[in-house]
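Please read the following with the sequence and the model side by side. The text goes from a helix and its packing to a loop and then to the ligand.

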Amino acid sequence: MVSIKSIIKTVIYLLKPAYAILFRAMPLKLLLYLAGMDFGKDLNHPLRHKILFLLLGGSVHLDLLKKVLKKRYCKMTLSERRICNEIFWQSGSSMQWAQRAFNDPQRRCNHSSFNLMVTLYKRVGRPVSVLELGCTNGGTLSCLQLRGVKVSKYCGVDISGDNINKAKLRFEKHNNAEFVKKDFIEYLNSTNDFFDILFVRWTFFYLDQEYLEELIHIISRKGIAKRILVFETHSTSHYSKQSVLFSACGVPLEYSHNYPSIFNKQNYRIENNSSREVKKGISIFEAVLIHSLG
Ligand SMILES: C[S@@+](CC[C@H](N)C(=O)[O-])C[C@H]1O[C@@H](n2cnc3c(N)ncnc32)[C@H](O)[C@@H]1O
């Protein structure tokens, strides 16, 4: 006997190519918006998201949508990709993602990257000034507070205006905290500030190699940060080569960078490098980098 469930499964399977065609014809802006949506059922989605969830049938079709998006991305030039990423980060979907950090702060703040921050803070032996690139809505600053890291000055930079506004509201009473809505390179070129620590997490792998190298070069040349604490994902099989595209979580595009090589070129030496495999073929690069000339 053929069950109704298997008939439905077959129909969905046959419809897959139709979805692909639909997504290919879809304007990129809409595709970016949809692919960036968080389909977790525990969040309060507006009705239109719930309808889309029903139509797309959850993660299987979301994965298909991401694949189509990735293919389109790969065909683009670097400057087109940068424009697309900017559109993505300005969209509401990145807000949803950032908000999740505040759902379980205890768990988030026990993350190994914050353990490293605590170690580094103790080593400096006084309140530290911190710059964060990719600060979203201020989750890191709350974790530093929760973990007892005394911060003399904090500056968070992000291109997402909505996230920066949220962070500003969250920390409006903290006069040593500043949140800046700017592109990273634009910010680094314009600032005259210096920081004890630059903290970057799950952000460098969204930047293409040319952009990342320029960014590290500016930090090194201007002496903006002596120490960098970086936590990024990369594909193990790509590690020894130049930066390449890979897929860690889907959207937008991720680059697998050879971090040790990029940082060494700009006079940073690596301490505590704990590159470890988190799932087959995908590793976490977690390191404290010290500027050799600093
Ligand atoms: C994955 S999130 C960062 C997560 C966060 N660091 C954490 O630990 O929860 C990446 C952030 O980088 C920002 N971003 C990406 N490219 C950027 C750029 N070129 N300039 C400024 N912000 C950028 C995005 O808006 C986004 O908020």
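A residue is called buried if 20 or more other C-beta atoms lie within 10 Å of its own, exposed if 12 or fewer, and partly exposed in between, with C-beta atoms placed from the backbone. The model is predicted: local features need pLDDT of at least 70, side-chain atom pairs count only at pLDDT 80 or more, and totals for chains, interfaces and linings use all residues. Residues are numbered from 1 along each chain as its sequence is written.

Helix H2 spans residues 28-35, and its buried residues are Leu31, Leu32, Leu34 and Ala35. Because these four cover an arc of only 170° around the axis, they lie on the same side of H2; the arc is that of the directions from the helix axis to the C-beta atoms. Lys29 and Leu30, on the other side of H2, are exposed. Helices (H or I, at least four residues) and strands (E, at least two) are DSSP runs, numbered from the N terminus.

Asn192 sits in the loop between helix H11 (184-190) and strand E4 (195-201). Asn192 counts as exposed because it has 6 C-beta neighbours inside 10 Å. Asn192 and Lys222 are 30 residues apart in sequence, with a C-alpha to C-alpha distance of 8.4 Å.

Around the ligand there are 17 residues, of which Trp89, Gly134, Ile159, Ser160 and Arg201 come nearest. A residue is near a molecule or strand if its C-beta atom, placed from the backbone, lies within 6 Å of it.
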